[in-house]
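Have a look at the structure first.

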Amino acid sequence: MDEKQRVEELQDTDFKYVMQDTGNIYIGARLTYAELMEQEMLPFKMKTIIQHYFLKETSLETMLESEFYYLEKGSFLYETFAQLRIKVKVNVLTEKKSLFGKKKMVYTEKILTLKELTEMNLARKKASGMIIREIIVSKLGLMTFSV
């Protein structure tokens, strides 16, 4: 493996993680469902929900980033994600003015609800340069979800 491939592989792993705090589970959006199922930090109940609900509508090779980018309101996956009170951390291009009035485009971070994310059509997502970085699962939503 040459140096360029190794650097690309390392950069890709920057958004492949599972972390938790007292209220939420944070999942890197570059994980596929197969990689997510292998994560030991992911609670058993979440793995069960993935097996019994998500994988009936999608495949193990699907990356979470593309799953949420193309998610449609009213779909079975949308309703399941809504029950888990999922939010999505995204980066979008916004215009920023410098002190001297120059305008430049910079990425800013936003946390969107599923409703806000799905209300944006695909053209608007592409125009804003949206990059989905993280999926935030509410532990309360996970606790109240009945399998």
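Tyr 70 is partly exposed, at 49% relative accessible area, while Tyr 69 comes in at 13% and so counts as buried. The cut-offs here: buried is under 20% relative accessible area, exposed is over 50%, and partly exposed lies in between (1.4 Å probe, protein chains only). Keep in mind that this is a predicted model, where local features need pLDDT of at least 70, side-chain atom pairs count only at pLDDT 80 or more, and totals for chains, interfaces and linings use all residues. Residues are numbered from 1 along each chain as its sequence is written, and side-chain values use heavy atoms, with hydrogens and water left out.

**Aromatic pairs**
- Rings of Phe, Tyr and Trp (its six-membered ring) pair if their centres lie within 6.5 Å; planes under 30 degrees apart are stacked, over 60 edge-to-face, and the rest tilted.
- That rule gives six aromatic pairs.
- Tyr 69 and Tyr 70 make an edge-to-face pair, with 5.1 Å centre to centre and 75° between the planes.
- One aromatic cluster is made up of Tyr 33, Phe 54, Phe 68 and Phe 81.

**Charges over rings**
- A charge sits over a ring if NZ of Lys or CZ of Arg is within 6 Å of the ring centre and within 35 degrees of the ring normal.
- Tyr 69 has the charged end of Lys 125 over its ring, 5.6 Å from the centre.
- Phe 15 has Arg 133 over its face, at 4.2 Å from the ring centre.
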